[in-house]
Structure formats: C-alpha cells, structure tokens
Amino acid sequence: MRGLRVVRHADPRAFLDRAEPWLLQREAENNLPLGVAASLVGARPASSPGPAAASAHSAASPSGVEPASPPPLYFATIESGSDVVGCAFRTPPYKLGLTHMPLDAIELLSRDVADVYEEIPAVLAPNPVARAFGDAWSKLRGVSARPGARQRIHILERVVLPARMAPGAMRPARPADIPLVAGWLESFVRESGLSDPGDPLEHAHRLCGRERGNRLLALWMNEEPVSMAGFPARTRHGVRIGYVYTPDEHRRRGYATTLVAQLSGHALDLGFSHCVLYTDLANPTSNKIYREVGYRPLQDVMDVDFE
C-alpha cells in the first residue's frame, strides 16, 4: 500500500474526530480504542499538567532533582492517502494497543512509537499485527519479544439463557460491597494475569453503587454474593463485559454463566445492540460457557511482551 503515514493526534478527542468513523465499521472488534478514547474525552491529557501541577514542577524538589514528567498518551492513525487504515493507542503505564492494519505500516509505526517511548511493556493486537510489531520493536530497541496471553474477542447480539439457571438473583453492587469487591478484584487480576487496574479498593469505590453512563458492576446473590461481572466500558452501540469472577469455593455451580447471561440481557434491554467479552484461549471452559449463552467468536488477539 503506497503513501502510508502515521498521524499522531494531540488528544483523545482529536483522535476520535478522525478515527471514529473507521473504527465504527468494526465496532465490536475495535471496542478497546473506542472505549479508551471515549472515557478520556474531557479529561486533561497526562502530558498536559494543569497550572497547579506546572507550578509544582517548576519548583526545585527537596533533592534538587527535577521530577520526571509523566509519559504522554499516544493516539495515532495509520493513513493511506485520505483513508484511515489502522489505529494505535496507549495510556501509560499500560501496553500499546493496535487495530488491524497493513503489515507494511508496522515498521513506520514502530519508529513513531519509539519517538515517544523509550520502552513499552507489551503490545496487544490481532495476531499477525502483534507478531509483526513485536519483531519490529525488538529489532529497533534491541529487546527480546515473546508471545504473551492469547485471547479471543466474542460478540453477543441475542442471549440464550442457560438450560439450568443457577439459583439466586442478580443485583447491582452497592457501597457496602466495596471491601468484598476489592478483594475479588485483587484475586481476579492475580488469576487472570491481565493488566492491574490499580489500587483494588479505589477501583471498587468507582465500580460499586453506581450505574453512570450505562456502566454497571453486578453480583450474583445466593443468600450471599457468589459471583461478579460488569460492563465497565462501552462504545456507541455496545458494552464490554468484564471482571467476571467467582471465588473458588463457589465455582462449578453455574453462577458466572447465569450472571453473564443475565447481565448481557440487561445491557441489550438498555438499548445496546451487542455485548463483547474477551476470553483466555488457555481456558477452554470459559470459551465453551460463553458460547452456550450466545457469544460467538469474532477475532483472536494476543500480547507480545518485551523484556
């Protein structure tokens, strides 16, 4: 493909203004860049501290060493002529995310990312794109690249209720559930090996007792809380189901399956056209469970980790 170039955007709003029409052509597949950018619109970019922060940085630190500036956000489109053909995004300290794109653009993109970051922990992308970027980045930076987690994006447009519904009922998580949810979030991150959302207690405070912007964390109750799931992120027409977790003592009883089915149905009832979720390909049980309630495979993605 001729005339490929990387166009870096000043902030998430500028990125969405340019990229959103292209991303929406495959909205479910592109749920991460759409969701991440939309959640940041209206927030001050990390690379642009406000007046108070700027004043603090201008003063000498007690050690006499200037504090390091936080790494900037990265939002870019890969373009050919007047067309967008791919996107890249990163919110430090997390990994770089890439959409599908021409593999011819990878070397150009890796050089642009290197102009912004000395190092990145990993890249998440559709399999061929992740492998190609891993090769390009390892050569450019002289680091080793190894395959990381492999996931599958699934989409649901109609719920199929389980043949055997687990006993109990779904309810929203409440402020009183914060200590429980914080512990479950910590266990979820540890067991899944996925990105740490930060302090689990802080994160639980943000998730519990609110359904703002059509976001919700739900618990499955069978005399006591036995499972959780939520839709912490959304796109224009869809929600992403996440934080699916059941403590070990309550597993193998169908709680998570029933909760995901009920929560997905709730999202559709709110007017969304679809739900997406990510499964670990190393866990065939979860892939089978979600198929049974109406999810179908959409795309395989993988991490490439840099050391």
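1. Elements around the cavity. Helix α2 (31-40) and the strands β4, β5 (122-126) and β12 (296-306) each supply at least two residues of the lining of the largest cavity. Among these contributors, β5 gives the largest share of the lining, namely three residues. The coordinates come from a predicted model, and the points below should be read accordingly.

2. A search of the whole structure returns one cavity of 30 Å³ or more. The volume of the largest cavity is about 140 Å³. Its lining comprises 16 residues, and those nearest the centre are E29, L98, P126, Y278 and V301. By class, the lining of this cavity has ten nonpolar residues, five polar residues and one charged residue.

3. The second largest pocket. This pocket has a volume of about 250 Å³. It is lined by 15 residues; P162, R164, G254, T257 and E292 lie nearest its centre. Two helices, α8 (255-269) and α9 (284-292), each supply at least two residues of the lining. Helix α9 gives the most to this lining, with three residues. The lining of the second largest pocket divides into seven nonpolar, three polar and five charged residues.

4. Packing of α1 against α2. Helix α2, already named for its part in the cavity lining, also packs against helix α1 (residues 12-24), the two axes coming within 10 Å and crossing at roughly 150°. Angles over 145 degrees count as roughly antiparallel, and α1 and α2 are therefore roughly antiparallel to each other. Their crossing is left-handed. From α1 the contact is made by P12, F15, L16, E20, L23 and L24, and from α2 by P33, L34, A37, A38 and L40. By class, this contact has ten nonpolar residues, no polar residues and one charged residue.

5. Packing of α4 against α5. Helix α4 (residues 106-116) and helix α5 (residues 127-141) pack with their axes 9 Å apart, at an angle of about 55°. The two helices α4 and α5 are therefore oblique to each other. The crossing of α4 and α5 is right-handed. On the α4 side the contact involves I106, L109, S110, R111, V113 and A114, which meet V129, A132, F133, A136, W137, L140 and R141 in α5. The residues of this contact are, by class, ten nonpolar, one polar and two charged.

6. Packing of α6 against α7. The axes of helix α6 (residues 178-192) and helix α7 (residues 200-207) come within 8 Å, and the crossing angle is roughly 125°. That angle makes α6 oblique to α7. The crossing of α6 and α7 is right-handed. Helix α6 contributes I178, V181, A182, L185 and E186 to the contact, while α7 contributes P200, L201, H203, A204, H205 and L207. The contact of α6 with α7 divides into eight nonpolar residues, two polar residues and one charged residue.

7. A cis peptide bond. Which two residues are joined by a cis peptide bond? They are P92 and P93, and the omega angle of the bond is about 15°. P93 lies in the loop between β3 (83-90) and β4 (96-98). Strand β4 is also one of the elements that supply at least two residues of the lining of the largest cavity.

8. A positive phi angle. Where is E223 found? E223 is located in the loop between β8 (216-221) and β9 (225-234). Although E223 is not a glycine, its phi is positive, at about 75°.

9. When the model is opened, the reader may wish to begin with the peptide bond between P92 and P93, which is cis, and then turn to E223, where phi is positive. The cavity may be located from the residues nearest its centre, including E29 and Y278.

Methods:
Residues are numbered from 1 along each chain as its sequence is written. This is a predicted model: local features need pLDDT of at least 70, side-chain atom pairs count only at pLDDT 80 or more; totals for chains, interfaces and linings use all residues. Side-chain values use heavy atoms; hydrogens and water are left out. Axes are lines fitted to C-alpha atoms, for helices over the stretch in contact, and angles run from 0 to 180 degrees between N-to-C directions. Helices (H or I, at least four residues) and strands (E, at least two) are DSSP runs, numbered from the N terminus. Angles under 35 degrees count as roughly parallel, over 145 as roughly antiparallel, 65 to 115 as roughly perpendicular and the rest as oblique. A crossing is left-handed if the near helix is turned anticlockwise from the far one by less than a right angle, and right-handed if clockwise. Contact means heavy atoms within 4.5 Å. Ala, Val, Leu, Ile, Met, Phe, Trp, Tyr, Cys and Pro count as nonpolar, Asp, Glu, Lys and Arg as charged, and the others, Gly among them, as polar. On a 1 Å grid over the protein atoms alone, a cavity is a set of points where a 1.4 Å probe fits but cannot get out, and a pocket is an open set with protein on both sides within 12 Å along at least five of seven lines; lining residues have an atom within 4 Å of a point. Grid points are joined across faces, edges and corners, and a volume is the space filled by probe spheres set on the points.
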